[in-house]
Each structure stands twice: as structure tokens, then as C-alpha cells.
Amino acid sequence: MMTWRDRFSLHSLFNFPEEGSTQKRYSLLRRNMIILMILVTIVPLFFMALLNYHQYQSTLRDEIVNPMRVLVNKTKHSFELFLAERLSAVSFVASAYSYEKLSNEVEFNRIFRVMKREFGGFVDLGLIDELGVQVSYVGPYDLKGKNYSEQSWLHETQVRGGYVSDVFMGFRGFPHLVMAVLNNSESLKGWILRATIDTDRFHDLIASMGLDPKTDAFLINKNGVLQTPSKWYGGLLERFPFDLPPASYEANVVEVKDMSGRDVFMAYTYFAHAPYILVVIKPRGEVLRSWYTLKSELFFLFIISVVVIFLVVFKLTDVLVHRMMECDERREAAFREVEHTHKLSSIGRLAAGVAHEINNPMAIINEKAGLMKDLIEFKPDFPDKEKFLGLVGAVLQSVHRCRSITHRLLGFARRMEVQVEVLDLNEVIRETAAFLEKEALYRKVQIKLELDSTLPRIASDRGQLQQVFLNILNNALAAVADGGQVTVVSRPIDDDTNEVIIQDNGCGMPEAVLQHIFEPFFTTKKGTGTGLGLPITYGIVKKLGGNIEVQSQENVGTIFTITLPLRASEESGS
Amino acid sequence: MENWKVLLVDDEQEFVTTLAERLGLRGIDAAIASDGEEGLRLVEDLRPQVVVLDLMMPGMSGVEVLQQIKSLHPETRVLLLTGHGSTREGIEGMRLGADDYLMKPINIDELIDKMKKAMRGE
């Protein structure tokens with residue numbers, strides 16, 4: 001038993017067996033051809049498609065992702081510029097004015113109004129002394145005297161010199177952020193200028209990105225809290241539902257799944273001088289819509305190609321294998337034909353040799369017995385003359401019988417010359433049937449002739465045809481019982497061929513006999529047959545360019561069908 | 001018939017001697033030769049009117065002997081004997097100048113008949 005591995009190994013695919021059961025051989029051949037053809041077509045196609053797929057995908061991705069990156073960078077710069085301007089303004093005030101001047105309520109008010117007018121976005125301004133107490137305040141609340149000394153931003157400002165807070169809700173419930181700048185030029189601990197900035201401007205900046213409705217953009221802080229409201233991922237100060245992307249101050253794009261299972265592109269960048277991250281989120285489906293169209297087209301094309309290849313391969317293989325089968329069958333038939341002819345001719349040569357060798361001693365027996373007969377006849381007083389004459393007569397009779405056998409053998413062997421003449425096939429049949437009339441009459445066998453009078457005249461050998469019909473009619477007569485029937489039918493088949501059918505209702509033949517009837521020396525007439533009648537008949541019909549077929553059923557009868565060409569074939573006479 | 005001289009040429013001794021004896025019984029004087037050379041010598045010595053010649057012999061073949069006889073003594077009648085059932089050899093022989101041919105085993109009456117016909121030049 002072949003293993004699966006053996007069955008489909010490369011070696012076995014190229015193995016086109018010459019032998020084995022025909023059906024199995026062809027199905028193996030067919031299978032191997034199909035597999036090979038499909039392999040050499042589908043595999044390259046598959047790789048091409050795969051390669052194209054990836055190529056297109058990466059190109060398209062770049063084309064879509066790069067603008068996102070550029071947009072994010074640009075917007076980040078706008079944000080940073082906005083923040084930097086305001087921080088500079090606060091810094092400038094903290095540097096340009098002395099603590100004393102800023103402590104002056106009127107002056108402080110004026111400075112605040114200038115800042116508000118020139119930069120916009122400022123909500124309030126406070127001066128905090130080195131103990132953390134707000135000594136001056138301009139703004140919508142009454143925060144003068146508020147002590148910030150316990151708050152962390154104060155410490156951070158004192159340590160770092162400047163501070164920008166996360167966005168938070170103030171007392172009035174609108175989002176804002178705090179900026180603080182330290183001035184420690186006058187004392188060691190220094191005082192702090194603190195400003196609150198309205199984050200409405202953030203919305204303006206995001207709106208200026210000109211995003212399509214399927215795209216979301218927002219700021220988060222480094223703790224993952226939304227600093228501006230998001231379309232899908234929560235309102236202001238809610239928690240951003242993603243893990244924070246890895247720190248990057250240049251715009252970066254990552255592909256992630258959001259909480260609703262959507263694949264999204266996340267473009268983001270960290271701010272250098274503020275604790276914010278700008279995030280733009282675009283659903284992948286949206287981004288790659290054209291890619292999906294292309295992908296499905298690619299896939300469709302691939303499937304269609306595969307189907308077409310399969311169809312063509314199967315059809316082609318079928319046709320090829322069928323042709324091969326036909327060729328093999330034809331070759332096989334031709335080979336059998338040649339073999340049969342060869343067998344006949346070699347047996348013929350053997351028969352001729354044997355006949356010739358036997359003829360010489362037979363001639364001696366003939367002469368010796370003849371002399372004996374002569375001597376007996378010439379002597380009038382030969383004792384037991386009659387008895388001896390009888391004995392010698394029997395010897396001569398046997399010699400005569402041998403002679404007729406050897407002459408028939410030689411006749412079988414030699415290649416008789418075909419003498420072609422134009423003749424009426426019906427006439428030849430009638431003549432031949434006439435030979436057998438006596439015997440038929442005696443045995444009450446009816447020989448029925450159904451001859452087509454429109455049969456064209458054919459060019460063939462009269463004597464040989466007579467021999468053919470005689471042989472078959474003889475066999476038919478031998479096969480039928482007394483009172484039986486033999487029918488001879490002649491009819492044209494097409495323009496070039498005529499057919500003679502000789503049918504009897506005799507004993508018929510079993511399959512085993514039928515297979516051998518055209519072989520020399522095969523006989524069922526024990527003792528009386530030479531087994532040469534039908535082989536000679538076969539040889540003649542073939543020589544005349546015709547064909548002979550036989551069908552038989554035991555106890556039903558036998559049908560000989562002889563087809564003859566209008567003109568005896570060219571090779572005749574060889 | 002008595003004045004006929006017949007020469008039988010055949011390598012089968014038993015056949016040819018018996019045939020000669022049978023012809024003798026019928027009043028025909030037949031000499032015998034067992035091969036082609038001897039046959040040709042006897043044609044020279046005896047000048048037979050009829051030569052019965054086997055086509056298949058060792059040494060000189062019947063056809064060669066026939067051609068020699070015909071070239072030396074064209075008036076000599078020749079009958080051919082053939083062991084093959086083939087009529088072709090006989091016809092071929094007749095084309096070369098033989099008067100007739102017989103197939104072995106022969107019928108003696110047929111032989112004498114053909115000799116007579118050959119003598120009459122038919």
C-alpha cells in the first residue's frame with residue numbers, strides 16, 4: 001500500500017506507468033497531469049496575488065497614514081504655539097514687573113486687561129508670595145488671600161520655575177488650565193505669577209484641523225484623562241479608554257482596536273512643553289475603504305482565475321488522456337493485427353516446410369504402392385489378388401488424402417496472386433451456393449438468398465471470393481441440423497463498402513471456440529477438418545481489403561459478416 | 001512407345017528407381033540420374049526425348065539443369081516435378097522452356113499423358 005507521502009511525492013507525480021491495469025494507469029496519469037498543471041499554474045498565481053496584496057496594502061497605508069501624521073504634527077505646533085505664547089506673556093510680566101508693582105491692585109488690574117486684550121484666553125491672574133498666599137488677584141472670583149501653600153503645583157513651580165497644569169473644571173464649571181511662573185530674582189524662594197486660561201481655544205484649534213465626521217481628535221494628559229471632549233471616547237476629564245501610546249514627540253501612527261472592537265488608526269504626539277498628548281483617531285475601515293474595494297476585486301480576480309484554470313486543466317487533461325487512450329487502443333489493435341498476421345505467416349511457412357518434406361516420402365510411398373499394384377495387376381495368377389489390390393488401393397487412397405492435405409497447407413502458405421476483375425458479388429454468391437445445392441437438397445436445408453439487386457459491381461478476385469463463400473457456407477451447412485436454414489444477405493453499407501452476411505440457425509459456438517476460429521489448425525471437426533478453412537478465408541478477405549467478423553450463440557446460430565471494399569486494396573497481390 | 005527414351009532426374013533414389021520400374025512395366029525405357037550433373041551427362045550420352053526433372057535437388061537446381069538442357073538441346077522435352085504445392089514454380093519453369101509440370105506425389109497415368117502431349121509438341 002502506498003502511503004500518502006509516496007502517493008503525492010514529486011517522484012510519483014512524474015511517474016507515468018507503462019504497465020498495470022489500463023483503467024488504473026489512465027486515472028493515475030490523469031491525476032498526475034492535473035496535479036502538475038494546477039501546481040505550476042496556481043502556485044505562481046497565488047504568490048503573485050499575495051505579493052500584490054502586500055504591495056498595495058503598504059502603499060495605500062502609507063498614502064493614508066502620512067497625511068494623518070502631518071496633520072497631527074501641524075496641530076501640535078498650533079497647540080504648542082498657543083501655550084507658549086501665553087506662558088511667554090506670563091513670564092514676561094513676571095520678569096518685567098517687580099513684586100511691588102504687581103502688588104499694586106490698580107497696576108495689576110491694568111496688566112491683566114492688557115494681557116487679556118493682547119493674547120486672549122486669560123481668565124484671571126494672581127500674584128502669590130513666597131509663603132503661598134495670593135496677595136493680588138484679578139478675575140471673576142474673590143480669591144485674594146487664598147493660601148496655596150499646600151498645593152502641589154506651587155511646589156512644582158517653586159522647584160522648576162514654571163508650570164502648566166492639566167485641564168480642570170473651575171468653580172464655574174468650565175474647563176481651564178493654570179500656568180504659573182516663578183520669579184526668584186529678588187529673594188531665594190521667590191514669588192509666583194499664576195494665570196488661568198480658558199481652553200475654549202483648544203476647540204478652535206481642533207476644529208481648524210478640518211477633520212471629516214468619521215475622525216476624532218482630542219487632547220489627553222499624561223495620566224490618560226481627556227483634556228478636550230472626544231466624539232466617541234468620552235467627555236472632558238473622563239478617562240481615555242486606551243493604554244497610553246509610547247512616548248514620541250514626533251507624530252506616530254499605531255493600529256489599535258478600540259473598546260467597541262473597531263480597528264482604528266491612532267495618530268498621536270506628545271507635547272514637549274506641556275503635559276498633553278494630541279490624539280487623532282480614524283477608523284481603519286474608513287481609512288482603507290478603497291483598499292477593501294481593491295482587495296475584494298483582487299480576491300475575486302484570483303478566484304475567477306483559479307476556477308478558469310481548474311476548468312481548463314480538467315478539460316484539457318480529459319481530452320489529452322482520452323486521445324492517449326484512443327491512440328493506445330489503436331496501437332494495441334494494430335499490434336494484435338500484426339501479431340495475428342505474423343502468426344499466420346509463420347505458421348504458413350512452417351506448414352509449407354512440413355508439407356514439402358512430407359511430399360517427398362509420400363511420393364515414394366505412392367510409387368512403391370503403385371509398383372505393387374502394377375505388379376499385382378500385371379500378374380494374372382497372383383494369389384489373393386483381390387485382397388492385395390484392396391490393401392494397396394487403401395494405401396494409395398490414404399496417400400491421395402495426404403496429398404490433398406499437404407496441397408491445402410501449401411495453398412494456405414503461399415501468397416496467391418489476386419486477379420482483380422470487375423464482378424457482380426451477387427452472381428458469385430449464387431454460383432457458390434449452387435455448388436452446395438445438392439447437399440442442401442439432400443439434407444432438406446434451405447439456403448435462402450436475400451441479395452440486394454442494387455449492389456454495385458466491385459473489383460475483386462472471383463476465385464478467392466468463391467473460396468471465401470464456399471468455406472463459410474460449408475461451415476454453415478455443417479452446423480445446421482437437417483431441415484435447418486442458411487441465409488445469405490448482400491447489401492451496400494456506404495458508397496465504398498458492401499456487406500455479405502451469412503447466417504445459420506445451427507448449433508453455434510461457445511465463446512472459447514469463437515476466439516480461436518481464425519487460428520490455423522484449430523478445428524472442432526475431429527478427424528475431418530484441417531483447421532485451415534477459416535484462417536484461409538480470413539487471409540483472403542484481409543488480402544482483398546475487406547473484413548470478416550463472427551458472432552455466435554450456442555444453439556441459436558452463427559452470423560458471419562464480411563465487408564468488402566468496392567475496390568480490392570492496393571496491397572493485394574503481394 | 002518402345003522407341004522412347006526417357007530420363008528421370010531426382011535425388012530421391014527410392015522414388016526415381018520405382019518410377020523407372022513402373023514406366024518400364026508400361027513399356028517406357030527410363031534412365032535415371034540422381035543429381036543435376038549426372039542428368040546433364042546422361043542427356044549428352046543418351047539423348048532422351050523427354051526429361052522428367054525434379055526442381056529441388058542438392059547441388060545444381062532443377063532450373064539450372066533445365067536452362068542447360070534447353071540451351072544445348074532445345075528439342076528435348078522437359079517435364080518438371082515439384083514438391084511444393086506452388087503452381088508458381090511450375091509456371092516459372094514453363095516460362096524457361098519446360099513443357100509442363102507435375103506436383104508430387106504424382107499420378108503415373110497423368111505423367112505418361114503429359115509425356116505424350118509433350119512429344120506431340122502440344
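Reader: What makes the pair of A:His176 and the backbone oxygen of A:Phe174 a polar contact?
Author: A polar contact is a pair of N or O atoms within 3.5 Å; within protein, one must be able to donate a hydrogen and the other to accept it, and residues adjacent in sequence count only if both atoms are side-chain atoms. In this predicted model, a polar atom of the A:His176 side chain lies 3.0 Å from the backbone oxygen of A:Phe174, so the pair falls within the 3.5 Å limit.

Reader: What rules apply to the model and its numbering?
Author: The model is predicted: local features need pLDDT of at least 70, side-chain atom pairs count only at pLDDT 80 or more, and totals for chains, interfaces and linings use all residues. Side-chain values use heavy atoms, leaving out hydrogens and water; residues are numbered from 1 along each chain as its sequence is written, and chains are lettered from A and ligands numbered from 1 in the order in which they are written.

Reader: Is A:His176 called buried or exposed, and why?
Author: Buried means under 20% relative accessible area, exposed over 50%, and partly exposed in between (1.4 Å probe, protein chains only). A:His176 has 6%, so it is buried. This residue is found in strand S5 (residues 175-183) of chain A.

Reader: Why is A:Leu50 called partly exposed?
Author: Its relative accessible area is 37%, which lies between 20% and 50%, so the term partly exposed applies to A:Leu50. A:Leu50 lies in helix H3 (residues 22-96) of chain A.

Reader: What makes B:Glu14 and A:Lys368 a salt bridge?
Author: A salt bridge is a side-chain nitrogen of Lys or Arg within 4 Å of a carboxyl oxygen of Asp or Glu. The N to O distance between the side chains of B:Glu14 and A:Lys368 is 2.5 Å, so the pair meets the 4 Å rule. Across the interface of chain B and chain A the rule finds four salt bridges.

How values were computed: Helices (H or I, at least four residues) and strands (E, at least two) are DSSP runs, numbered from the N terminus.
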